[in-house]
Amino acid sequence: MGARVSARFPTEEEINKLNKCIDNVRATIDSDKRDGKRRNCCVVTYGCQQNEADSEQIAGMAVEMGYNLTDFTDQADLIIVNTCAVREHAEKKVFSITGGYKHLKDANPELVIGICGCMVSQEKNAEKFKKSYPYVDFTFGTESLWKFPEILDVVINKKKRSFVLNSGDEVICERTPSSRKSTFTSWLSIMYGCNNFCTYCIVPYVRGRERSRKPEDILREAKQLVSDGYKEITLLGQNVNSYGKEYGVSFASLIKQIAELDGDFIIRFMSSHPKDMSDELIQVIADCPKIERHIHLPFQSGSTRVLKLMNRHYTREDYLALIHRIREKNPDISLSADVMVGFPGETEEDFEDTLNLIREVRFDMMFSFIYSPREGTPAAKEVQMSEKEKTDRYLRLLKVQEPIAEEMAQRFVGRTEKVLVEGRSKNNNEMFTGRTSGLKIVLFEGNDEMTGRFADIEITEAHAFALYGKVVRVY
Ligand code: SAM
Ligand code: SF4
Ligand code: F3S
């Protein structure tokens with residue numbers, strides 16, 4: 001499948017139709033206020049940051065159509081579950097929680113339930129919801145997200161169920177508003193889809209071909225975020241550093257332009273692919289103080305043989321040389337990565353190569369996964385390793401990585417780190433949390449007025465998964 005070089009933008013006619021559907025749903029909802037109250041919409045999100053960003057757009061459209069937002073499914077008149085298909089476990093979880101919604105529909109037959117996202121971009125899953133979950137009113141795939149008002153109009157006003165797969169024409173719709181969860185951290189999707197077809201991965205099949213938003217649209221949104229008071233902007237894409245081929249604008253030049261905007265804010269980005277990590281980007285990260293000192297650079301395997309089977313387009317040596325180039329320009333940068341164990345055909349020697357790469361690079365953080373066969377991908381057709389063997393390797397890998405993360409964290413003790421205060425810790429309500437420039441979680445004593453502001457924290461203790469410290473100043 002060749003690389004597509006341009007996205008399709010909705011026509012004026014399509015936008016007019018969309019606006020009409022928004023008005024139609026809104027009119028119904030406005031004319032039917034229950035006990036004078038607006039209807040509530042609850043968006044439940046699984047999966048990656050891209051899904052979180054999509055959910056904020058779904059919530060934004062729901063608000064446009066007259067809904068209030070709620071975090072509680074039992075208070076909702078409309079439930080939308082945004083799903084993930086990356087591993088089998090993620091899919092099972094969605095089927096199980098959707099099963100639990102039956103009693104909500106029994107108690108409230110007016111309740112509308114929809115499933116969207118990566119899982120239902122696949123026909124077999126959309127069919128399963130249609131046939132086996134009669135209380136599910138609609139599904140729509142990732143590429144049909146912008147048509148959510150049209151779908152809801154059919155369900156609410158025509159009283160029909162609606163099951164919409166991906167359109168396959170890779171639309172970028174710029175009129176979709178976002179209702180963001182946070183008032184100080186923000187996701188900014190700069191591109192959609194993926195062209196890489198790593199042989200284990202379902203994403204290119206459920207998210208479509210890679211396509212980038214126009215630089216001027218991204219810059220406009222970034223400016224708006226800064227003027228709305230957002231302090232952190234995270235640029236998102238499945239292969240974020242291959243941005244902009246359609247426009248001849250590199251990711252490095254885009255992020256530099258965002259970093260040059262006036263205002264007190266920080267920039268993060270994910271996920272980068274090692275094959276697209278240019279020297280220009282490494283230099284821009286070194287030069288721009290607004291870009292945080294962290295790169296997430298998945299390597300997946302330390303064995304060149306397995307990397308080839310995975311279709312990753314780099315060798316173990318390429319990856320190590322890249323890490324060297326990054327650290328040469330940015331000596332103190334924090335590095336994190338995704339790695340997978342149990343890929344079909346991974347030998348003990350291949351696995352040892354992975355462990356040795358981890359020992360050599362010394363990552364600050366790591367996200368480790370047990371390979372999960374995904375129907376329709378090439379690797380799923382190969383002979384699979386036993387679950388026991390995969391789990392054993394996974395546990396061995398954690399045993400190698402955890403002490404490294406603990407040791408790497410010690411360099412922060414005694415330093416003062418700038419963090420954006422995120423609020424009270426979910427695990428310990430007495431403590432507040434934030435993240436360092438390197439994305440490490442820091443816990444400290446604070447107060448609610450600090451939330452959403454920057455603070456300097458003197459680090460007093462460091463562990464593999466969190467740092468502890470004292471507030472020096474808040475600004
Ligand atoms: N596009 C990003 C990249 O290439 O790094 C992220 C892709 S995916 C959403 C996040 C991680 O899930 C991948 O980096 C990979 O480690 C893991 N993953 C993808 N497919 C998987 C599978 N079939 N089984 C287990 N883990 C998987
Ligand atoms: Fe999946 Fe590979 Fe694309 Fe990442 S780069 S989304 S792992 S196909
Ligand atoms: Fe999952 Fe889709 Fe993200 S498969 S990881 S939600 S792109």
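**Figure 1. Polar contacts of ligand 1 in the predicted model.** A nitrogen atom of ligand 1 lies 2.6 Å from a backbone N or O atom of Gln 238. This is a polar contact, a term used for a pair of N or O atoms within 3.5 Å; within protein, one atom must be able to donate a hydrogen and the other to accept it, and residues adjacent in sequence count only if both atoms are side-chain atoms. An oxygen atom of ligand 1 is 2.7 Å from a polar side-chain atom of Asp 338. In the side chain of Arg 87, an N or O atom is 3.1 Å from a nitrogen atom of ligand 1. On its own, ligand 1 has 560 Å² of accessible area, and the protein covers 92% of that area; accessible areas come from the Shrake-Rupley method with a 1.4 Å probe, and for residues only the protein chains shown count as cover. The structure is a predicted model, in which local features need pLDDT of at least 70 and side-chain atom pairs count only at pLDDT 80 or more, while totals for chains, interfaces and linings use all residues. Residues are numbered from 1 along each chain as its sequence is written, chains are lettered from A and ligands numbered from 1 in the order in which they are written, and side-chain values use heavy atoms, with hydrogens and water left out.

**Figure 2. The shell of residues around ligand 1.** The shell holds 15 residues, of which Gln 238, Pro 298, Gln 300, Asp 338 and Ser 372 come nearest; a residue is near a molecule or strand if one of its heavy atoms lies within 4 Å of it. By class, seven residues of this shell are nonpolar, four polar and four charged. Ala, Val, Leu, Ile, Met, Phe, Trp, Tyr, Cys and Pro count as nonpolar, Asp, Glu, Lys and Arg as charged, and the others, Gly among them, as polar. Strands E13 (334–341) and E14 (365–370) each supply at least two residues of the shell; helices (H or I, at least four residues) and strands (E, at least two) are DSSP runs, numbered from the N terminus. Ligand 1 lies between domain 2 (182–292) and domain 3 (295–408), because both give residues to its shell. The domain bounds come from an automatic or database domain assignment.

Figure 3. Ligand 2 is surrounded by residues including Cys 194, Cys 198, Cys 201, His 273 and Arg 312. Its shell divides into seven nonpolar, three polar and one charged residue. Around ligand 3 are Gly 47, Cys 48, Asn 51, Cys 84, Ala 85, Val 86, Cys 118, Arg 207 and Gln 238. Five residues of the shell around ligand 3 are nonpolar, three polar and one charged. Gln 238 is listed around ligand 2 and around ligand 3, and Gln 238 is also among the residues that come nearest to ligand 1.

**Figure 4. The open sheet E12-E13-E14.** Three strands form this open sheet, with parallel pairing; two strands pair if DSSP finds at least two bridges between them. Strand E12 (294–296) and E14 stand at the edges with a single partner strand each, so one side of each is left without a neighbour in the sheet. Neighbouring strands are turned by 10° against each other on average, direction ignored. Axes are lines fitted to C-alpha atoms, for helices over the stretch in contact, and angles run from 0 to 180 degrees between N-to-C directions. E13 and E14 pair over six bridges, and Val 341 has Ile 370 in E14 as its bridge partner.

**Figure 5. The open sheet E7-E10-E11.** This sheet also has three strands in parallel pairing. Its edge strands, E7 (185–189) and E11 (266–270), each pair on one side only. The twist averages 25° from one strand to the next. Five bridges join E7 to E10 (residues 232–236), and Leu 188 has Leu 235 in E10 as its bridge partner.

Figure 6. E15 (residues 416–424) and E16 (residues 432–435) are antiparallel and share four bridges; Val 421 is partnered by Gly 434 in E16. E16 and E17 are likewise antiparallel, over four bridges, and Phe 432 is partnered by Phe 444 in E17. These two strands form a hairpin with five residues between them, and Leu 439 in the turn has a positive phi of about 75°. E17 (residues 441–444) runs parallel to E19 (residues 467–474), with two bridges. E18 (residues 454–462) and E19 run antiparallel and are joined by seven bridges, and a hairpin connects E18 to E19 through four residues. In E19, Val 471 is the bridge partner of Ile 457.
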